[in-house]
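I opened a new page for this structure. I wanted to see how its two chains meet and what lies around the meeting place.

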Amino acid sequence: MMSEIKKIKNLKEFSTSADRFEGANLLCPGCAHSIIVREVLNATNDDLILAASTGCLEVCTAVYPYTSWDASWIHIGFENGSTAVAGAEAMYKALKKKGRLKQPDRVPKFVAFGGDGATYDIGFQWISGCFERGHNMMYVCLDNEVYANTGGQRSSSTPIGSSATTSPAGSTSYGEKKNKKDMMAIMAAHGAPYVAQVSPSKWKDMVAKIQKGFAAEGPVFINAISACTTEWKFAPEDTIAITDLATDSLVFPLYEIINGTELNITYRPKNIIPVRDYLGAQGRFKHLFTKQYDYLIDEWQARVDAKWEQLQRREEARV
Amino acid sequence: MADTMELRDIEVWDGNMAASQALRQVQVDVVAAYPITPSTPIVENYANFEANGYVDGEFVMVESEHAAMSGCIGASAAGGRVATATSSQGFALMVETLYSASGMRLPIILNVVNRALGAPLNVNGDHSDMYLGRDSGWIQLNAYNPQHAYDLNFIAFKVAEDHDVRLPAMVHQDGFMTSHTAQGVHTMTDEQGFNFVGEFQPMNDMLDLDHPVTHGVQTEEDWHFEHKARQQHALMTVALPKIQEAFDAFETLTGRRYNLVETHQMDDAEMAVICMGTSVETAMEVVNELRAQGVKAGVVGIRVFRPWPLEQLAEVLKNVKAIGALDRSSPHGTVGMLYNEIAGTLFNTDAKPVLTNYIYGLGGRDLTKAHLVGIFNDLKANMDAGKPTTALQQYIGLRGPKLSFF
């Protein structure tokens, strides 16, 4: 049975549609994780089988004897949320073949959530394995560019110049020295049917991508920017504003890659704002705003410009 | 529907094929696996069954042993029959997830073809990996030959999937010595084998879409202890009687008898060796020869390693005057595990045998009959002296100067 794509008219309807992720959770006020999860779950009316890797989302939503999940959910460890849901998907296929599904007419969606630590770093191999094998699943990275759950250590998603607890800014250091890993390119290189970057602040774009992902056959990778009030150091009420700065400065461009080749830019800011404005709004980059490190901000702007240029060239060339 | 395979009453199978055939006959729903010597043929055989229509579940070849068990956990929580196989380094890589599987009360079956742990790297059989798993909360059954490897798989599924147990189980066999040694194996028909275990009965299954469940929660000091205690309670009080029940039912079906503690010539034995795996059968031969010379020697084989059958072992050993505990794993820094377990088993009983420890067979080194005769000579001297006449821990079959401790 083909599932129908859910029609969502406006934000009010979207935000008040049936929740399978309860507001009762322990995430920080202003955490973008919960916004992203709701937007993913609310994009479909289909049944969901969910997994989470160890991280903020996991420790804040399934603390015995409570659960925030009104859909089946599993957590094993830090590195294997992808494979947990892949195992469940394999069982679904097996029981379908053998005629032992309890609700044979319903086709659940399989979704794994993981932070950037679980995705870019420790769980990388497991995700790659799942994508190579072609499980029918969606992997959503809640990318807050830091190990937030354990107090702000750097991951391979932490951007250059950011002060993290294991790459702190100090009298002889500007913080993280390495560029953020390009997970989108890596996941697209698996030949996945659908790979996309999303922002919870651009909810229509996000819902369209999640629905495209759910409609695809095979593994889907979604990289969602998740502004972290605690570790990025901004006021909890500014989550959406900071996220908008990320997309509108093109630090976090919104695009999709279909079948590993066809790249489409899905959001072009009317007014592109300077990277400097995005960095300046967050405490984690505060130390860069000295004469000594001004060149780093210029370099960053140049990198963002070059990436945007490259994305546009790829979009035009259809490669 | 999977095709039925016509088997002869006795097939010539090695331990790996015996395990593969058991997995086929119980019609596992999901096998997620990664190959590693010497358990690789279990997975290869299963792949062949799948390629030829003898199994119709999902067979998922993943990218590591950690992923294999991770996939098994996801599949098992989803609600179906799940199994895999591994050895050694792969087992070590799995360890994190072994604790997850048991803590989440998922009845996964893991065939462990025992092999040494590096460094130095070694592909041959010893019990280092089995020992590594002994605190992981799994049931651990021990095969001494291919027949056992076949039979104990059925026992494992029946016990693990019992709703009163809900714990994962390992079936251990010795790398190469069992896994690659072909012997006559008495078979069941596909129907008999499947029916002994029965249809999988799901519980808290994620795929029951009308009843969502949360698996793998967080508990801190408020509830973690209670979870672990209930798991231990099930393992200690429920699993052992269920294993006995399964052994009884299996005997009724096949005539083959298994016991929580296996004994050979123990009724009037004055001294005994205690060991696991293929060594049990070697020791039995030696004891038969010693008995012909009038020596009252016996063998105790550990069949159920976890949960440890403390009371049954104490009963078997109550009249023995000297015991040699034979460990096929280097304890690194203390006495061998079997020595410790036996000492603990007997400490509060009236039995006060002289107990000594032998480390043997590391990395697949043979345990010969001559070695065992030497051990029984030690035990005789200990018995006569009423105290140890050797060091408490000796290394058997080691080249170079004799090595002993304590």
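**Where chain A meets chain B**

I began with one bridge: A:Trp73 has B:Thr214 of S9(B) as its bridge partner. The model is a predicted one. I then looked at the strands involved. S2(A) and strand S9 of chain B, residues 214–215, run parallel and are joined by two bridges.

Next I took the whole interface. I found 41 residues of chain A in contact with 39 residues of chain B. On the chain A side, S1 (48–52), S2 (72–74), H4 (81–98) and H6 (124–133) each give at least two residues. H4(A) supplies the largest share, 14 residues. By class, I noted 23 nonpolar, ten polar and eight charged residues on that side.

**H4(A) and its neighbours**

I followed H4(A) to H6(A). Their axes come within 7 Å and cross at roughly 30°. H4(A) brings A:Ser82, A:Thr83 and A:Ala86 to this contact, and H6(A) brings A:Trp126, A:Ile127, A:Gly129 and A:Cys130. The contact has four nonpolar and three polar residues, with no charged ones.

H4(A) also lies across S2 (30–33) and S3 of chain B, at about 145° to S2(B).

**The sheet in chain B**

I traced seven strands in an open, mixed sheet, ordered S3-S2-S4-S5-S7-S6-S13. S3 (58–61) and S13 (304–306) of chain B are the edge strands. The twist averages 20° from one strand to the next.

I checked the S13(B) end. S6(B), residues 139–142, pairs with S13(B) in the antiparallel sense over two bridges. There, B:Gln140 has B:Arg306 as its bridge partner. Last, I noted that H2(B), residues 40–51, packs on the sheet and touches S2, S3, S4 and S5 of chain B.

Note on methods
Residues numbered from 1 in each chain as written. Chains lettered and ligands numbered in written order. Predicted model: local features only at pLDDT ≥ 70, side-chain atom pairs only at ≥ 80, totals over all residues. Contact = placed C-beta atoms within 7 Å. Helix = DSSP H or I, 4+ residues; strand = E, 2+ residues; numbered from the N terminus. Nonpolar A, V, L, I, M, F, W, Y, C, P; charged D, E, K, R; others polar. Pairing = 2+ DSSP bridges. Axes fitted to C-alpha atoms, helices over the stretch in contact; angles between N-to-C directions.
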